[in-house]
Amino acid sequence: MVGRISSPRFVGRVAELEALEQLLERAASGGGGAMLVAGEAGIGKSRLAAELETRARAHDAMVLVGECVELADGELAFSPIISALRGVMESDDALEGLGWRLRSALGALWPVPGAGEGVVGGREQLFEAGYRVLARLAERQPVLLIVEDVHWIDRSSRDLLAFLVRNARRDAIALVVTYRPDELRAGHPMLPFVAELERSGGARRVDLERMARSEVAEQLQAIAGRVPDGEVIERIFSRSEGNPFFSEELLATAEDGGGQLPASLRETLLLRVERLSASTQEVLEAAAVAGRSVDHRLLARVVGLEEKALLGALRAATDEHLLVPTAGGMTYAFRHALLREAIYEDALVPERLRLHREIAQTLAAHPEYAGSAPAAELAHHWQAAGEERAALAATVPAAEEAERMHAYDEALRHVDRALTLWNRVDAPEDATRTDRVELLLRGSTLAEFAGDAARALALAEQARAVIDDRSEPLRAAAAEAQIGHAMHYAGRGVDAIAHLAEARRLVPRDPPSIEYAAALVGEGRVLMVNGRLRDARERLEEAIQLVELLGDRALHAATLSTLTIVYSELGDFERAVAAGREGLRIAKEIGSAEDIVRAYINGSQGIDTAGRIEEALAMGLEGITEAERLGMSHATGDQLRMQAGWRLSRMGRIEDAQRIVLPALDEATTPFNVAGLQNVAGHLAAERGEFDLAEQLLDGAWELMRRSGGSQLIGPASAWRVLLHLQRGELDLARERLWDGLSRVEGSEEDLLYNAELYWLAARVAADLAERARIAGAVDTVEQATEAATTAITKWDRALGGVQGDGPPPEALAFRALAEGELARLRAEYDTEPWRTAAEQFRRLSEPLRAAYADFRAAEAIALSGARVAETSALLRSAFHAASSLGARSLRQEIEALARRTGLSLEREPEPGAAAQLGLSDRELEVLRLLADGRTNRQIGEQLFITTKTASAHVSHILMKLGVANRAEAAAAAHRLGLARLSI
């Protein structure tokens, strides 16, 4: 018998353990983090994690451990998370403060006290509830969550881990995951997870290398309790090549078998097994087929030994450190995954099939012997046993089980397996109590939930191909609707509309039915997204009449939410606001969390489009609070934060916008939300003059949008990239970005609120190009800029003119007034009227930053026209103080440049009447200010566009009127009297 097989003392790994302890220290200080521990099989990942666990417990940290299992090809949904948190979820203390809605969401995975009946909520609420439980625990003590062997992780567990990493950065939560890098082949679900964590800095990676000879010697000495013979150490080190698990097993084999060393790790492990009794080998083989962990009751039934013989065999396996008792001694796990792998692979194929079959038969009668996903485990064993009919019968419930757990990837894989088995068995309908069409449609929906639009479309099209319209019109309509949804998510809007229209036509209009109303709503939504607003309104208004008649309040709330956007885009602002408020009221009455948050998103947008931005902001902020209460703080809650940041930026409240956007960006979970929040954050950085950061954020957002399809963000994103180049003085790059942006919004000109800023910039860039061209004498360039701007603005005007109801969104009209000023500048006309009109419109909209820009341009127009200084000064000061107070550094710098050019003070007026009392004209006052700055006559002439001779004459008149002898005395008098320009 082997007395000890593992070193009682932790050997080596000093730097790696120090890095992990630093992670724990950060968590104890309230700052969470994650660490990836990578290394080949047997390299010591589990031992390092165990040492960290011991040290964490010694420092009063709560330690939670979950293991991924190599079973059912990653189809045991949430397996490591369920096992890690099972004990926690049984505690009322951990669930304190968690409302029934979130407790019920947790019920998808755990039996939670205080939950409502059935599974309530969706995947987002499940993830949010899980995070809040951990955060609650972390308020009392640091939490260390260890998840081992994530190379076998299921996709749903991976997604939940990613959610926790993003959201626990400000909590005392440390996450450590271990994995084998060589197992992460192309397409593995962990590859994007690891890559994203390393790229974003969300986690550090520790790579475990093989041990040095001295470390292997120390390890062997600790195991043996004495210094082994030097030759033994050399032979073990040479054979194991520093792999600590191989070294342990080689030492055990050498001491138990006369010093002979096997050639491979697998041979080493099997030699130890072969020296055991036949009954112990039988138990180990059954355990290996069952999985990494096996229930005692399952072993007893499958092995068939008398209880005393079974206990003896288990005692031998545990004494040899092959199995380890867990879960209070009623479950057994292999000491290392490599042990199970070696024993399983060594078993004869017929014996494996027999054991899988007996395990399946036992689990069918006693599902309580299985782990967290009994249906999936049963399906796996029937499949591995080669019993295809039984596997098919078990796979459909496994898909249902995974769907109840919101594990859509895993559910889809079960459906795919069922479809593969369908034609291999007789009477598959009898085995599954369903038919192939229903299975295809279910799979299509699951694929949609899992984000696989191509797979969703393929499955729905297969279903549609075998449905007869005349005998099953409702089923045909369901297939058409599913095809339409899949095409919509795949970006095929026109095709989607055709299939959704066909779905509507297939459903009988009479008698009135929920099916027909749902078909109308589905078609109306996609029509809206694709810009066919009037058609969308027609479908949705017909649906409203039906749902009111039939009393489907959930569909009623959802339809009103969609109509809110349709009405606002069509210029029917009052109806939009009313629909949004009514939709929210109904959603709250029925308690539908998804509809409540969606009503806040669409309702606040309807108010915003109507030009009531402060009211829209207030509603959106209320929605953020409500989303947090409902456990939907991230996927949909972050959309509300994105909206709030956008509104605050337009209102010039840059610091307030940052306070909402930047924390949300750190924790955002969906590509759409990350792209939107990055966009707003980049725009804010540009306004503050942090151009490098702005470029990084805006470019990152652009790439994400290209991958995630954030089409409604294209207009603002393009505009903000153009603005960034203008602020950096990169006019040619701004022009390139502008034409790219305009081409991308082609066909969506009706999105007036989203695209208005981009069309204004078409005029601004053209005006800047024309000014530069005039200086260079490039007449052709001026003509080209004029033609390009005219083309863009003409398209925009057509879109503005096509809006009925209350007219275009007020903000779009304000940008159009701003563009009119740019067109005047393009023509070298110094007309202030369009600028004043734009400024007034933006002030009415509570958007002072754009009003300040219009004031700045109006001041510039006055200065260039040669008008009196007083007319320029008031506007420039107003713009300057607005830009300064709002933190808009870029605009402030433009205003300061104009002030230097015109010699105007931005900070204070001269002493009342001082200039007039001295008889100084406006032009002489300008000359005096430049003289006080130390300018020569030639420099004064260049600044004020006058000749040096004229500047000299003005200086002579000033000296005479001030009663001073020279320029120095004149400068001193100007400062004394408050006539000099303050330095900036």
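This report walks through a predicted protein model, from its overall build to its inner cavities.

## How to read the model

Because this is a predicted model, local features need pLDDT of at least 70 and side-chain atom pairs count only at pLDDT 80 or more, while totals for chains, interfaces and linings use all residues. Residues are numbered from 1 along each chain as its sequence is written, and side-chain values use heavy atoms, with hydrogens and water left out.

## The whole protein

Let's start with the big picture. The protein has 49 helices and 8 strands; helices (H or I, at least four residues) and strands (E, at least two) are DSSP runs, numbered from the N terminus. Along its principal axes, the C-alpha trace spans about 120 × 85 × 55 Å.

Of the 984 residues, 56% are buried (under 20% relative accessible area, with exposed over 50% and partly exposed in between, using a 1.4 Å probe and protein chains only). Now look at contacts, meaning heavy atoms within 4.5 Å. Among contacts between residues at least 6 apart in sequence, 68% join residues at least 24 apart.

## A strand with two partners

Which strands does β1 pair with? Two strands pair if DSSP finds at least two bridges between them. β1 runs parallel to strand β4 (residues 173-179), with 6 bridges joining them. β1 also pairs in the parallel sense with strand β5 (residues 204-207), over 4 bridges.

The expected span is 1.5 Å times one less than the number of residues. In α34, 15 of the 17 residues are buried. After this helix comes G689, whose phi is positive, near 85 degrees.

Helix α40 also has 17 residues, and its reach of 24 Å from first C-alpha to last is close to the 24 Å expected. Because 14 of those 17 residues are buried, α40 is largely enclosed by the rest of the structure. Just after α40, A828 takes a positive phi of about 60 degrees.

## Spaces inside

A cavity is a set of points, on a 1 Å grid over the protein atoms alone, where a 1.4 Å probe fits but cannot get out; its lining residues have an atom within 4 Å of a point. Grid points are joined across faces, edges and corners, and a volume is the space filled by probe spheres set on the points. There are 8 cavities of 30 Å³ or more.

The largest cavity holds about 130 Å³ of space. Of its 14 lining residues, the closest to its centre are W646, R650, E757, F815 and R850. Helices giving at least two residues to this lining include α38 (752-776) and α40 (810-826). The lining divides into 7 nonpolar, 2 polar and 5 charged residues. Here Ala, Val, Leu, Ile, Met, Phe, Trp, Tyr, Cys and Pro count as nonpolar, Asp, Glu, Lys and Arg as charged, and the others, Gly among them, as polar.

The second largest cavity has a volume of about 90 Å³. Among the residues lining this second cavity are E687, W760, R850 and Y853. Its lining divides into 5 nonpolar, 2 polar and 4 charged residues.

Note on methods:
On a 1 Å grid over the protein atoms alone, a cavity is a set of points where a 1.4 Å probe fits but cannot get out, and a pocket is an open set with protein on both sides within 12 Å along at least five of seven lines; lining residues have an atom within 4 Å of a point.
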